[in-house]
Amino acid sequence: MTWLLSGKMYGIFAMLFGLSFFIMNDNQQQKGKSFSGRFAWRMCLLFLFGIINMAFYDGDILMLYACYGLLLIPISYLPSKWVWCIIAVLAIQPVELFCLLTGYSIDNSRFYMLFGIANEAHEHASFCGNILTNLLYGFEMNLRFNIVSGRLTQLLCFFILGMQLGRQRLFYNERDNLGAWCIIACVSTYLVFSYNLVDLSRLESWFTSIYNFSMMMMMVSLIVFAWYIFKGFRRVLHCFCVMGRMSLTNYLLQSIIGSFIFCGYGLGCYNYLGTTYAVMIGCGIIVCQYLFARYWFANHSRGPLEGIWRKLTWI
């Protein structure tokens with residue numbers, strides 16, 4: 001589960017976020033309209049959704065996504081060669097590489113202190129106490145976690161990469177670009193297996209994030225190939241489209257349901273369940289959300305929060 005999922009899904013989601021920005025921006029440009037101001041307002045709305053989510057889950061990513069999303073606006077005006085240069089600089093994990101070459105160490109004591117405060121609240125505080133702790137310390141703790149894990153620059157890299165892949169039309173005419181996807185698959189697969197076959201323990205602080213990047217690109221490229229080669233694979237993935245169409249709703253609901261199940265103010269299952277049962281509960285939640293999505297889209301064109309977000313975007 002760690003090899004397949006841990007540190008991969010956030011990257012795919014960030015890349016799709018950048019791609020969705022390009023699609024919306026490109027659609028408006030084809031109509032002769034600017035989307036920059038509207039997208040900035042859309043990111044403000046996303047930040048507000050993030051505050052709501054942060055009240056339940058201190059690991060919220062929406063607030064940080066909203067901040068990164070604003071950076072896409074000026075970057076989208078740059079020529080492609082400069083955008084690729086930015087992607088390349090961010091992809092080599094410049095902060096971790098600097099620390100590795102200079103011996104400089106980032107002080108993470110503040111992060112672990114905040115982590116301890118949050119854990120104490122999750123285990124013993126009331127519902128209101130949890131909300132207050134999450135809102136006071138959640139964003140800072142999440143920002144510091146992204147620094148500790150190397151995701152701070154990598155997330156921005158994925159955002160810009162998704163936008164740039166949209167610019168290159170690699171997600172528009174995938175069948176005509178299978179050669180490019182083949183190169184991506186070969187390079188990323190080589191890096192993944194190199195990491196597993198060669199002892200890179202001395203470079204782990206720097207190369208772990210690059211490994212996650214390579215693993216994510218390998219997964220995406222292989223999915224693109226499987227989509228065009230196997231009809232059965234297309235049918236299976238098509239069934240899951242309903243989950244993607246209400247990803248914001250699902251994300252917020254998972255925070256609400258998960259915090260109630262595991263936090264002390266709810267069922268307090270953090271004290272009883274190990275990883276295996278936690279994964280089983282997670283799978284159960286996803287199944288329930290899938291059934292709800294199928295029911296919802298039988299009568300609606302967008303998810304509940306997705307519909308609200310769209311209406312507020314275009315007021």
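Is Cys263 buried or exposed? I looked this up before anything else, keeping in mind that the model is predicted. Cys263 has 9% relative accessibility, so I put it down as buried.

**Cysteines.** Next I went looking for disulfides and found 0 in the structure. A disulfide would be a covalent bond between the sulfur atoms of two cysteines. Cys85 comes out as partly exposed, with 42% relative accessibility. Back to Cys263: it is in no disulfide either, and its nearest cysteine sulfur, in Cys269, is 11 Å away.

**Nonpolar cores.** I then checked the largest nonpolar core and noted 59 residues in it. Among those with the most contacts inside this core are Met15, Tyr65, Ile160 and Trp181. Helix α10, residues 204–229, gives the core its largest share, with 13 residues. I also noted a second, separate core of 7 residues, including Val242, Met246, Ala293 and Trp296.

Leaving out residues up to four places away in sequence, Ile160 touches Leu72, Ile75, Val83, Ile86, Ile87 and Leu90.

**Asn134.** Last entry. I found Asn134 in helix α7, which runs over residues 127–149. Its relative accessible area is 2%, so I wrote it down as buried. Which residues is Asn134 in contact with, leaving aside neighbours within four places in sequence? I listed Met54, Ala55, Phe56, Tyr57, Asp58, His122 and Phe139.

Terms used
Residues are numbered from 1 along each chain as its sequence is written. This is a predicted model: local features need pLDDT of at least 70, side-chain atom pairs count only at pLDDT 80 or more; totals for chains, interfaces and linings use all residues. Side-chain values use heavy atoms; hydrogens and water are left out. A nonpolar core is a set of buried Ala, Val, Leu, Ile, Met, Phe, Trp, Tyr and Cys residues joined through side-chain atoms within 4.5 Å. Buried means under 20% relative accessible area, exposed over 50%, partly exposed in between (1.4 Å probe, protein chains only). Helices (H or I, at least four residues) and strands (E, at least two) are DSSP runs, numbered from the N terminus. Contact means heavy atoms within 4.5 Å. A disulfide is a pair of cysteine sulfur atoms within 2.5 Å.
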